[in-house]
Amino acid sequence: MSRTVTVFAIIFFLLFISSENAVYAMHITEGILPPKWVITWFAVAMPFVGIGIYHIKRKKRQMPVYLPLVGTLGAAVFVFSCFPIPVIALNGMATSHPCGTGMSAVLLGPFVSVLVAAIALLIQALFLAHGGLTTLGGNIFSMGILGSFSGYFAFKIAQRCRLSLFWCGFLAGMVSDLFTYLGTSIELGLLVIGKGGSFIKATAEIFGVFMMTSQGVLCIVEGIVVGFILVFVYKRKPGILLHLGLIKDDTKPVQV
Amino acid sequence: MEKKNIPVITQTNNEEGAWTGIDVSVVGKYAEKYGHPPRDPYINTDQGDLLLFVFTAAGVIGGFVIGFNVRKIFYEKE
């Protein structure tokens, strides 16, 4: 059974990654951000990455399975964030990618999720011509910080509303995807400041285009995937969710 | 005849062709509009089949990492 899952994971990975179009997706490409914003976004992102390293050191002592979980979700975020999904949306045919940070934020915590996203984005910028080194801080802000924290809080709010585990995961995935693209829109919208444009108008316009081009559909897909992953973890090893504080008692059935 | 200002919203994808990534059709287009066009990455693997190679290699490595850890977490007995 475990061998089947491993083989399936590899085939699944190869099928979706082996595409030249993969280079084009949401990341802000090299050269787009001027130096002042490069420095600003790095300054914003680095403290979150540092706290993420501290959280990993602390949690791996409390939970033996935490490091393998970080490895799995790190690789999953890497795959999700460079895997172009064809979408037929309001504005025609396009490809875009999910983010995966909603899922990692729920299972690893938001700070560790930022760290995982930062590593994934760095590898993509170095070797896959995807994103950029000067725009790394900006991409960490949108996908790592906004994506992780929005997904984490969406999950917590959904739990407070007593939604089932699937719907809590669905909302985490969907909201994190939307906030990631909102972050990218904000970063691009800020470029109009000092050029006579309106930041709010530009941000709203770019976000609207993202929604109509692909993300309106893709955020729902990401929500469904995260929902199913949480249900899978609960059915296979509820103890993990218990250790992570996502469920209170693994002897009582949770509504999935 | 006066040229109409067509909003970018109607131009995406149609100019670039079907299945264009939104990095090109949205991010790149707006960046150019605001005077900051994208440029080539410092390590440019987007040359011929080199990109295909690095994506496939990344896929294989990532797939092994996921498979190994999933097995360790969910299928091995403690």
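This is a predicted model: local features need pLDDT of at least 70, side-chain atom pairs count only at pLDDT 80 or more; totals for chains, interfaces and linings use all residues.
Helix H8 of chain A, spanning residues 199-236, lies across strands S1 and S2 of chain A and runs at about 115 degrees to S1(A).

Strands of a sheet pair through backbone hydrogen bonds, in either a parallel or an antiparallel manner. Here three strands form an open sheet with mixed pairing, in the order S1(A)-S2(A)-S1(B). Within chain A, S1(A) and strand S2 (residues 92-96) run antiparallel and are joined by five bridges. One position in this pairing can be named: A:Pro86 has A:Thr95 of S2(A) as its bridge partner.

Attention now turns to a pair of helices. Two packed helices are described by the angle between their axes and by the distance between those axes. In chain A, helix H3 (residues 66-80) packs with helix H5 (residues 110-127) at an angle of about 45 degrees, the axes being 9 Å apart. Because of that angle, H3(A) is oblique to H5(A). The crossing in which H3(A) passes H5(A) is right-handed. On the side of H3(A), the contact is made by A:Tyr66, A:Val70, A:Leu73, A:Gly74, A:Val77 and A:Phe78; H5(A) contributes A:Val112, A:Val116, A:Ala117, A:Ala120, A:Ile123 and A:Gln124. Classified by type, the contact of H3(A) with H5(A) comprises 10 nonpolar and two polar residues, with no charged residues.

Technical notes:
Residues are numbered from 1 along each chain as its sequence is written. Chains are lettered from A and ligands numbered from 1 in the order in which they are written. Side-chain values use heavy atoms; hydrogens and water are left out. Two strands pair if DSSP finds at least two bridges between them. Helices (H or I, at least four residues) and strands (E, at least two) are DSSP runs, numbered from the N terminus. Contact means heavy atoms within 4.5 Å. Axes are lines fitted to C-alpha atoms, for helices over the stretch in contact, and angles run from 0 to 180 degrees between N-to-C directions. Angles under 35 degrees count as roughly parallel, over 145 as roughly antiparallel, 65 to 115 as roughly perpendicular and the rest as oblique. A crossing is left-handed if the near helix is turned anticlockwise from the far one by less than a right angle, and right-handed if clockwise. Ala, Val, Leu, Ile, Met, Phe, Trp, Tyr, Cys and Pro count as nonpolar, Asp, Glu, Lys and Arg as charged, and the others, Gly among them, as polar.
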